Amino acid sequence: MAAARLRHRMGRLLERAPALGPWPRTYSTSPVFADVLRLPQKQLTKIVYPLRELEQYLLVDSGAGLIERRLFDPSFEDIERAESIFAATAWNRIEYLSSAVRLDHAPSLRQPEVCFIGRSNVGKSSLIKALFSLAPDVEVRISKKPGHTKKMNFFRVGKHFTLVDMPGYGYRSPEDFVDMVEAYLKERNNLKRTFLLVDSAVGITKLDNIAIEMCEEFALPYVMILTKIDKSSKGHLLKQVLQIQKFVNTQTQGCFPQLFPISAVTYSGVHLLKCFIADITGSLK
Ligand code: GDP
C-alpha cells in the first residue's frame with residue numbers, strides 16, 4: 001500500500017487609486033478587480049503578480065538560473081473574465097454541494113474538478129474563502145476540533161468546475177490523511193489539478209513531503225501555492241521562494257514549474273490563482 005510506504009519515507013524527506021483613499025492592508029471582502037486596476041502601478045503589480053518582484057532573482061540571466069520565463073502570464077482582461085466565473089449570480093450558482101469521508105461517497109460529477117490539499121493551519125480555509133469572496137453565501141466549513149471527522153468538501157462553481165477542499169493533514173494523524181485522500185487522488189477521473197499549499201514562512205515540511213510524494217507517485221499534475229506571503233519580509237520570502245523553486249526544479253516531475261505565492265489577508269496572488277484555475281478547467285473558453 002502506498003500509504004505505508006509514504007509513511008515510512010516521511011522521515012527521509014526532507015494605495016487604492018488616490019481618488020479612492022488609502023488601500024487598506026486587510027480586507028473583509030475581496031477587492032473588486034476593477035478597483036485593483038485603479039491602484040498605482042507598483043501596488044497593482046504586487047497584488048496581481050506577487051512573484052514579479054522576486055522574479056529578477058530567479059531568472060536564468062540573474063545567475064540563479066531557476067526559471068527561464070513566466071509560464072502563466074494572463075492579461076488583465078483574462079483575469080477579469082476569470083473573476084466573473086468566481087462571482088455568484090442567478091446564472092452562475094456557486095454553492096456547497098456535499099461532504100464525503102470516502103471516495104465512494106463523493107458526488108459523481110462530470111465537470112472538471114480541482115482539489116486543495118495542505119497540512120492543518122497552512123491557510124487552506126482562508127484561501128478557499130478568499131477564492132469564494134464574490135460568492136458570500138458559500139460557507140467554507142472548518143472541522144478542526146480534535147475527534148471531529150475530517151471530510152472532503154465539494155463546491156460547485158457554476159457549470160464550470162467543482163472545487164474540493166480536502167482534509168488538512170496534521171502531525172497527529174498523517175495516516176488518516178493518506179488513507180482518505182489517497183483513493184481520491186488516485187482514482188478521481190475528472191480531477192484536473194491538485195493545488196498543494198505550503199506555508200511560505202515555514203517552507204516545505206516533512207508533512208508536506210507526504211503529499212508531494214503522493215502526487216509524484218500517482219503522476220498527478222499539481223501546483224504549489226505558497227501561503228501567507230504577507231507574514232514574511234521580502235528577504236525571507238525571497239529565500240524561501242528560491243529554496244522551494246530549486247526543490248520543484250530538481251525533485252519533482254509533476255509540479256507546475258511556476259509557484260503561486262498568495263496572501264488571504266492582502267489578496268495578493270488570489271486573482272491570478274482564480275485565472276489559473278479558470279484556465280486549466282477550460283472555463284475561459
Ligand atoms: P487551515 O487549517 O489550513 O484551513 O488554515 P486556516 O485558513 O484556518 O488558517 C490558519 C491560521 O493562519 C489562521 O490563524 C489564519 O488567520 C492564518 N492565515 C491564513 N491565511 C493567512 C494569510 O494569508 N496571511 C496571514 N498573515 N495569516 C493567514
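Buried here means under 20% relative accessible area, exposed over 50%, and partly exposed in between, with a 1.4 Å probe and protein chains only. Strands (E, at least two residues) and helices (H or I, at least four) are DSSP runs, numbered from the N terminus.

What you have above is a predicted model: local features need pLDDT of at least 70, side-chain atom pairs count only at pLDDT 80 or more, and totals for chains, interfaces and linings use all residues. Residues are numbered from 1 along each chain as its sequence is written, and side-chain values use heavy atoms, with hydrogens and water left out.

I will start with the sheet. Seven strands make an open sheet with mixed pairing, in the order S1-S3-S4-S2-S5-S6-S7. Strand S1 (94-100) and strand S7 (260-261) are at the edges with a single partner strand each, so one side of each has no neighbour in the sheet. Two strands count as paired if DSSP finds at least two bridges between them.

Now to S2. Six of the six residues of S2 (residues 113-118) are buried, so the strand is largely enclosed by the rest of the structure. Glu-113, Cys-115 and Ile-117 point one way, Val-114, Phe-116 and Gly-118 the other.

What stands opposite Cys-115 in S4? That is Val-164. S2 and S4 (residues 161-165) run parallel and are joined by four bridges. With S5 (residues 191-199), S2 also pairs in the parallel sense, over six bridges, and there the bridge partner of Cys-115 is Thr-194. S4 pairs with S3 (residues 152-157) in the antiparallel sense, over five bridges; Arg-156 stands opposite Thr-162 in S4.

Next, the packing. A nonpolar core is a set of buried Ala, Val, Leu, Ile, Met, Phe, Trp, Tyr and Cys residues joined through side-chain atoms within 4.5 Å. The largest has 45 residues, of which Phe-116, Phe-195 and Leu-273 touch the most other members. Helix H10 (residues 270-280) gives the largest share of this core, eight residues. Apart from this core lies another, of 44 residues, including Leu-58 and Ile-244.
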